[in-house]
Amino acid sequence: MSSLENLRKAKSLTDLAKLLGFTPKGVSYVLYKIDAAEKYRSFEIPKKSGGTRVIHAPEPQLALLQSRLAEMLYACVQERQKVNRRFWFASHGFHQGRTIISNAEVHKRRRFVFNLDLEDFFGTINFGRVRGFFINDQMFSLEPKVATIIAQIACHDNALPQGSPCSPVISNLIGNILDSRLLALARDAHCTYTRYADDLTFSTNEKLFPTEVAVNLHGAEWQVGVKLKKAIEKTGFSINPTKTRMSFRRSRQTVTGLVVNDKANINQDYYRAARAMCHSLFRTGCYFKPGDDAANPTDNLNPLEGALSHIYFVKSRRDRKPKVNKVAKAAGEFNPPRAPENLYRKFLFYKYFAAPTAPIIVTEGISDITYLQCAIRALGKKFPLLAKEQGGKITRQVHFLKPSGTSREILNLGHGAAGQASLVSSYTSNLKHYTHKPMANPVIILCDNDDGPKTVFKNAKTKAGVAISTTTADPFYYLGDNLYLVKVPEKLAAIPREIEDLFQPALLGTTLNGKTFDPKKDHGDAKHYGKVAFAESVVRPNAGTVDFSGFEDLLTRIEDVLKHYAGLSAASAMTTLNTSAVAAGTSAAP
């Protein structure tokens, strides 16, 4: 039975709880027992257009409940789209397969591009509208009691909160009513219409812009047309009059922040600003954000990383088509522009390696991170340099570089030991790009003691000046700068050893769905499950009872690295101090 059919058949809290993977008591506790003041944590984030946006982040149990509700509603949407391919046709926000790029692309190369924003988009979708929608909408037609519970799960202070996992899908469901009316209006006016959350765009190549959508008052001032205004207000939304703008072909036309005169692209001024901020960061350790007080530079990397990630996201999709010269074309080469990607790579290298805020551990795989996180949490009291206990809660003092995803891809670290070997060989040369490189914390390459990291050992030998193999037993190897290599501890016999060998044999023998564990595989096969399933389905859920004593020697080695680097840093600081004192004494001499 489909998700939509199951939801329609739900008659009570018990039925809905079952669909969401909760017990009825669990849903009741989250909705009715947790104090309202404790359900959300509120904070402000800056808007790109100025001012701040209030985010209401739900507490973990409520967040999980809202995430399950969102998953079920998205499943309902997908079922509807199989029957009606134009369902959610105009919406590009909070929609799988749709982005700001897809929203902008349909408006490229147009004579007119008209943008307007809805005012307080989430705030106008209140409890009554959510409940009424799920009762009255033909797609859902839910029992009033079930619709009420959904509205209770979704709403905060009588509105959809920004920060809730289910606010996007519910806002799109209700916003689809508006989209249906505006698509009809756009069709009659020979326009293209799309919506990205609260951002509405109409574009056309007609010689005159249709007055039912917008009217030119005088000069550059445009006003929303009467028909469009009525259609928006009739569906319960209102227009933000300060964000209504018309742009023409010979001027810069933007849609959801992207320039669309030729094709959806980053605004060059935006890229140049990000490049200037990076230049300042790499030279001084801080930068000025556009519009900020020049007397107050920041060293907060988050805003700049967000900008660079956005640029890369757009450019990596926009520049998929090859741009090649005649020679390269004849050779069949693919040579897209690399400047934005190279800038992003330099930033990530600076963040993780030149100026890490905590010791960074670079593992071979993602499962290694899970093992170490759980081991540090279990053994934290024995290793005070790796974990700190505050109020009965263990907080890790080391960070991990994720072995997959955009960061790893941009840094050209590849997968597993190959990525580690690449990092070792290029580390020192990459550091030369930065004038400011505090390197306050060490970077630790952590690998198995087998033939897998053979290239890692070879590259590290050049740096360390000593032989490194499966038979060498140093606690760590210093590779210069702030880079170290640590192997999984060796047994007395010279045999290969992987990090999984640090677990007790009984745990390694755990059966999952009739399958046994094969540590040679990441994802397993028909008879075996792999490392990822072992980490997430065996180790993490049972971390409170797993015997992690086999990890003590490995954690000791990591602590030894931290102590060694602290000694190097102290010696370097003393040398600098003595050099300064000598220089001061020389300059003071007659």
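Student: Is helix H7 enclosed or open to solvent, and why?
Tutor: Helix H7, residues 144–154, is largely enclosed by the rest of the structure because eight of its 11 residues are buried. Buried means under 20% relative accessible area, with a 1.4 Å probe and protein chains only. Helices are DSSP runs of H or I with at least four residues and strands are runs of E with at least two, numbered from the N terminus.

Student: Which residues of H7 are buried?
Tutor: They are Val 146, Ala 147, Thr 148, Ile 149, Ile 150, Ala 151, Ile 153 and Ala 154.

Student: What should I know about the source and the numbering?
Tutor: This is a predicted model, in which local features need pLDDT of at least 70 and side-chain atom pairs count only at pLDDT 80 or more, while totals for chains, interfaces and linings use all residues. Residues are numbered from 1 along each chain as its sequence is written, and side-chain values use heavy atoms, with hydrogens and water left out.

Student: Changing topic: where is Thr 235?
Tutor: Thr 235 lies in the loop between helix H9 (226–234) and strand S8 (239–248). It counts as buried because its relative accessibility is 11%.

Student: Which backbone oxygen does its side chain reach?
Tutor: The side chain of Thr 235 reaches the backbone oxygen of Ile 232, at 2.8 Å.

Student: And which residues does Thr 235 contact beyond its sequence neighbours?
Tutor: Leaving aside neighbours within four places in sequence, Thr 235 is in contact (heavy atoms within 4.5 Å) with Arg 129, Ile 177, Leu 178 and Arg 181.

Student: Now the nonpolar core. Which residues touch the most other members of the largest one?
Tutor: Phe 353, Leu 485 and Phe 551 do, in a core of 96 residues. The largest share of this core, nine residues, comes from helix H13 (residues 339–354). Such a core is a set of buried Ala, Val, Leu, Ile, Met, Phe, Trp, Tyr and Cys residues joined through side-chain atoms within 4.5 Å.

Student: What does Leu 485 touch?
Tutor: Not counting residues up to four places away in sequence, Leu 485 touches several residues, among them Ile 445, Val 456, Phe 457 and Tyr 477.

Student: Finally, how many helices and strands are there in the chain?
Tutor: The chain has 20 helices and 19 strands. Of its 590 residues, 46% count as buried, and its C-alpha trace spans about 80 × 70 × 60 Å along the principal axes.

Note on methods:
Buried < 20%, exposed > 50% of the residue type's maximum accessible area, 1.4 Å probe, protein only. Polar contact = N/O pair within 3.5 Å; in protein donor to acceptor, adjacent residues only side chain to side chain.
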